[in-house]
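Here are my notes on the structure you sent over. I have set them out as numbered points so that you can follow along with the model open.

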Amino acid sequence: MIAVQNLTKVFRDKKRGEIRAVDDVSFTVEPGRIYGLLGANGAGKTTTLRMLATLLKPTGGTAIVNGFDVTREPEKVRANVGFMAASTALYGRLTARETLVYFGRLNGLADAEIGARIGRLSGELDMDEFLDRRVDKFSTGMKQKVSIARTLIHDPAVMIFDEPTIGLDVMAARTIVQFIRGCRERGKTVVYSTHVMSEVEKLCDCVGIVHGGKLLAEGSVPELRARHGEQDMEEIFVRVVGGADGSPASGDLRLKEGAQ
Ligand SMILES: Nc1ncnc2c1ncn2[C@@H]1O[C@H](COP(=O)(O)OP(=O)(O)OP(=O)(O)O)[C@@H](O)[C@H]1O
């Protein structure tokens with residue numbers, strides 16, 4: 001489970017001054033659920049996920065991940081989390097299998113366990129055909145699959161994906177969406193960031209619309225549709241974000257405040 005309360009991250013930038021990248025954000029994700037952070041470039045998605053994965057320290061607020069506090073117990077959080085960053089790099093000279101063995105050992109797994117995990121992940125992510133080829137010759141989709149498998153080699157309870165299908169073709173993206181659904185079925189707690197509306201519709205049990213570091217609206221896709229009297233997620237997104245930018249206020253802010 002993930003419980004985020006009033007999470008805030010302020011960066012101090014020489015040129016831009018104080019940037020509230022994440023501003024008083026609260027949400028929870030239960031095991032067996034997928035929470036989607038939906039936002040445009042610069043909304044604060046990556047910063048939120050990096051704090052959950054203990055790669056950045058919050059300026060304020062708390063985040064409890066699988067029972068551990070990201071600030072006070074970062075090692076325990078890391079042991080229970082798999083974080084697939086948009087910028088995950090791979091060693092070009094290793095094969096996919098060597099990469100996974102390497103990260104499995106780094107996570108303290110025994111070789112037999114690593115072998116079993118590779119077999120399972122490779123099947124689920126459709127990697128069998130290129131498992132023993134060098135990573136530097138891989139397509140973007142193949143690399144992304146290796147990145148995901150590498151991130152989840154220790155079978156963590158909490159899985160965090162930062163825009164996992166960005167730049168992928170339809171087939172590779174489908175495999176990854178299918179894979180994330182499978183994680184939910186196995187009871188994992190999944191947080192996922194994207195700006196692709198159709199993926200949110202297909203995948204997320206709950207969607208949080210973020211903009212300017214703030215969580216402006218939250219709910220399942222059917223709830224958001226009913227609240228706005230609108231079927232199209234893109235239209236709902238534009239209304240929520242537009243409301244925050246000064247056009248006639250959307251009801252979401254008030255509804256969220258009312259719910260707290
Ligand atoms: N290390 C940093 N120093 C200063 N500002 C930062 C830093 N990291 C992020 N920011 C700023 O914080 C804000 C939120 O960035 P973030 O990367 O979290 O957004 P995002 O929603 O993930 O966007 P994208 O889809 O482009 O990845 C942006 O204004 C960004 O420029």
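**Notes on the predicted model**

1. Let's begin with Tyr-192, which is buried, its relative accessible area being 0%. You will find Tyr-192 in strand 8, which runs over residues 189-194. Leaving aside neighbours within four places in sequence, Tyr-192 is in contact with Ile-34, Tyr-35, Gly-36, Leu-37, Phe-161, Pro-164, Thr-165, Ile-180, Glu-199, Leu-203 and Cys-204. Glu-163 is 29 residues away along the chain, yet the C-alpha atoms of Tyr-192 and Glu-163 are separated by 7.0 Å.

2. A word on confidence, as this is a predicted model. The average pLDDT of the chain is 92, and 93% of the residues score at least 70. Please treat residues 247-260 with care: the pLDDT there is below 50, and the stretch has 19 contacts in the model beyond near neighbours in sequence. For the model as a whole, the scores are ipTM 0.96 and pTM 0.91.

3. What does the record say about domains? An unreviewed UniProt entry carries the annotation "domain: ABC transporter" for residues 2-237. Over those residues the chain is 37% helix and 28% strand, with 24 Å between the end C-alpha atoms.

4. Which residues have the most contacts inside the largest nonpolar core? They are Met-127, Phe-161, Phe-179, Ile-180 and Ile-209, in a core of 49 residues. Helix 6 (residues 170-185) gives the most to this core, contributing seven residues. Another core lies apart from it, with 28 residues that include Val-4, Tyr-35, Ala-43 and Ile-160. As background, nonpolar side chains tend to be buried together in soluble globular proteins.

5. Not counting residues up to four places away in sequence, Ile-209 touches Leu-38, Lys-214, Leu-215, Leu-216, Ala-217, Ile-236, Phe-237, Val-240 and Val-241.

6. Is Lys-45 buried or exposed? At a relative accessible area of 4%, Lys-45 is below the 20% cut-off, so it counts as buried. Lys-45 belongs to helix 1 (residues 45-52). A polar atom of the Lys-45 side chain lies 2.9 Å from the backbone oxygen of Gly-39. Beyond residues up to four places away in sequence, Lys-45 touches Leu-37, Leu-38, Gly-39, Ala-40, Glu-163, Ser-193, Thr-194 and Val-210.

7. After helix 3 comes Gly-108, with a positive phi near 80°.

8. Most residues other than glycine have a negative phi. Asn-66, which is not a glycine, has a positive phi of about 50°. Asn-66 sits in the loop between strand 4 (60-65) and strand 5 (68-69), and is partly exposed at a relative accessible area of 27%. Asp-155 also has a positive phi, near 50°. Asp-155 lies in the loop between helix 5 and strand 7 (158-162), and counts as partly exposed at 32% relative accessibility.

Notes:
Residues numbered from 1 in each chain as written. Heavy atoms only, no water. UniProt positions renumbered as here; feature names shortened; annotations may be inferred. Helix = DSSP H or I, 4+ residues; strand = E, 2+ residues; numbered from the N terminus. Core = buried A, V, L, I, M, F, W, Y, C linked by side-chain atoms within 4.5 Å. Buried < 20%, exposed > 50% of the residue type's maximum accessible area, 1.4 Å probe, protein only. Contact = heavy atoms within 4.5 Å. Polar contact = N/O pair within 3.5 Å; in protein donor to acceptor, adjacent residues only side chain to side chain. pLDDT = per-residue confidence, 0-100.
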